[in-house]
Amino acid sequence: MGSQAPKAPNGRYAQITGWGMYVPEKVLTNTDLARAVDTTDEWIVSRTGIKERHIVAGERETTATLAARAAQEALLVADVAPGDLDLVIVATVTPEYAFPSTASLVQDALGADKAGAFDLSAGCSGFMYALSLAADVVRAGGAEHVLVIGAETLSRIVDWTDRNTCVLFGDGAGAVVVSVCEARCGVLASVLGSDGSGGDVLILPAGGSHAPASHETVSSGGHFAKMNGREVFRFATTIIPKATEQVAQKAGWQIADLALVIPHQANTRIIESAVKRLNMPLEKFFINLDRYGNTSSASIPIALCEAIREQRIKGGDKLVLVGFGAGLTWAAVAIEWGIPMPVKPQRPERRWFGRLRFAFAGVRSIFRRVERHVYNWIMGPVGKDDWRGKLRKRTDALRERLRGK
Ligand SMILES: CC(C)(COP(=O)(O)OP(=O)(O)OC[C@H]1O[C@@H](n2cnc3c(N)ncnc32)[C@H](O)[C@@H]1OP(=O)(O)O)[C@@H](O)C(=O)NCCC(=O)NCCS
């Protein structure tokens with residue numbers, strides 16, 4: 001499946017107006033890993049292209065905190081207030097909890113009080129699915145501004161004794177703001193695909209409803225990611241060129257028209273194989289996996305941010321973003337870059353005001369939690385018909401009236 005910007009438009013297109021990324025400070029090099037498992041820097045670099053990755057340190061850094069940092073930056077670049085967001089989507093395979101969604105936590109942290117929020121799970125293709133969906137919602141008139149985030153703490157589901165997987169992954173987050181625009185630009189086409197018969201090729205076997213967490217699942221390592229690397233490799237080298245060609249065709253472009261392809265950052269050899277099959281110069285593919293490893297849903301938005309920072313994207317450029325991952329899933333999006341580059345630097349006071357708003361959102365969140373606690377403590381259990389029950393009913397009715405419901 002996928003979508004295409006209509007030929008006879010309703011005057012609405014969806015473009016990326018803000019972008020941001022955040023990676024934890026702690027860096028783990030190949031040499032560090034070689035001290036823990038039977039591997040070498042030479043093996044990792046020659047087989048994957050990865051030199052180092054960032055990983056979270058301590059309990060205070062989680063998928064939601066990385067996501068919120070990337071999102072704040074994206075909102076500042078877009079100059080969109082959190083209160084103007086209609087939707088927050090977090091693509092992740094390492095959500096904070098099964099529920100509540102990581103997106104709801106991020107929505108609260110940002111103070112996006114008018115936005116709906118949900119998580120999206122589509123393996124490493126998650127961000128691309130979310131971007132495609134966001135563009136569809138904006139074009140259809142369901143939203144003006146959607147925040148799309150890819151965020152992961154893969155270091156929490158990696159078996160650090162398994163050299164087959166632990167060398168590949170890293171943590172981080174990337175975010176974009178997708179906003180309505182009138183000119184024909186932005187996300188013009190997308191291709192989404194899935195082949196569930198390959199579900200066991202890349203899987204986190206335990207912790208879901210199929211195998212809930214138990215002593216047995218933990219002792220057998222079922223809570224760690226398992227992968228058949230060769231199968232994933234074979235799948236990726238076929239699907240990247242195929243999805244890129246399909247989405248370019250849907251957008252009405254030739255492969256030669258593309259200014260830049262931003263592929264999922266999993267392995268340089270996978271990308272080089274795609275380059276050959278598409279008969280494109282390697283310089284037209286953005287690669288930064290040497291510094292981050294595979295950050296799953298976060299890899300493409302992080303790469304997009306760095307491509308912008310390195311001035312690899314100009315206004316009017318035709319781009320393809322293409323991902324693949326667990327599911328098995330794949331997704332590609334064709335974007336005509338609508339914003340003149342480089343973007344004008346924001347006035348410092350405006351940025352300062354934006355940051356103040358985020359700080360206020362944090363304080364408000366704490367206040368709401370305390371208020372909920374105190375309220376329930378004073379009012380007692382719901383449904384009681386004593387004086388506290390009556391007081392609760394009256395107060396609830398008054399609060400609803402004040403909220404205009
Ligand atoms: C994982 C991957 C790097 C392995 O590279 P490869 O060239 O296919 O290597 P192989 O699987 O053939 O393994 C070759 C040997 O290296 C060994 N090996 C695996 N990891 C190693 C490591 N970190 N260090 C040293 N040796 C390692 C294997 O045990 C194997 O040894 P054996 O031949 O004695 O059994 C590669 O298959 C890959 O990148 N796959 C895609 C993974 C991916 O992108 N996953 C995420 C998708 S979103």
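Among contacts in the chain between residues at least 6 apart in sequence, 79% join residues at least 24 apart; two residues are in contact if their C-beta atoms, placed from the backbone, lie within 7 Å. This is a predicted model, in which local features need pLDDT of at least 70 and side-chain atom pairs count only at pLDDT 80 or more, while totals for chains, interfaces and linings use all residues. Residues are numbered from 1 along each chain as its sequence is written.

The chain has 13 helices and 14 strands. These are DSSP runs numbered from the N terminus, helices being H or I with at least four residues and strands E with at least two. The C-alpha trace spans about 75 × 55 × 40 Å along its principal axes. A compact globule of 405 residues would have a radius of gyration near 22 Å, and the 22 Å of the chain agrees with that. The radius is taken over C-alpha atoms, and the globule rule is 2.2 Å times the number of residues to the power 0.38. Of the 405 residues, 47% count as buried. A residue is buried if 20 or more other C-beta atoms, placed from the backbone, lie within 10 Å of its own, exposed if 12 or fewer, and partly exposed in between.

An automatic or database domain assignment supplies the domain bounds. The chain is divided into domain 1 (2-201 + 234-336) and domain 2 (348-402). Their centres, taken over C-alpha atoms, are 35 Å apart.

α13 is hardly covered, with 1 buried residue among its 16.

The ligand is surrounded by 21 residues, of which Thr39, Cys124, Gly229, Phe233 and Ala266 are the closest; a residue is near a molecule if its C-beta atom, placed from the backbone, lies within 6 Å of it. Two or more residues of this shell come from each of α2 (41-48), α6 (163-166) and α8 (229-251). The largest share, 5 residues, is from α8. By class, the shell has 11 nonpolar, 7 polar and 3 charged residues.

Leucine 260 is in strand β12 (residues 260-263). With 21 C-beta neighbours inside 10 Å, leucine 260 counts as buried. Its contacts beyond four places in sequence include Lys284, Phe286 and Leu319.

Some backbone angles stand out. Most residues other than glycine have a negative phi, and most peptide bonds are trans.

| Site | Angle |
|---|---|
| Phenylalanine 99 to proline 100, cis | omega near 5° |
| Methionine 341 to proline 342, cis | omega near -10° |
| Aspartate 79, positive | phi near 55° |
| Serine 296, positive | phi about 50° |

Aspartate 79 lies in the loop between α3 and β5, whereas serine 296 is in the loop between α10 (289-292) and α11 (299-309). Serine 296 is buried, with 33 other C-beta atoms within 10 Å.

Methods:
Ala, Val, Leu, Ile, Met, Phe, Trp, Tyr, Cys and Pro count as nonpolar, Asp, Glu, Lys and Arg as charged, and the others, Gly among them, as polar.
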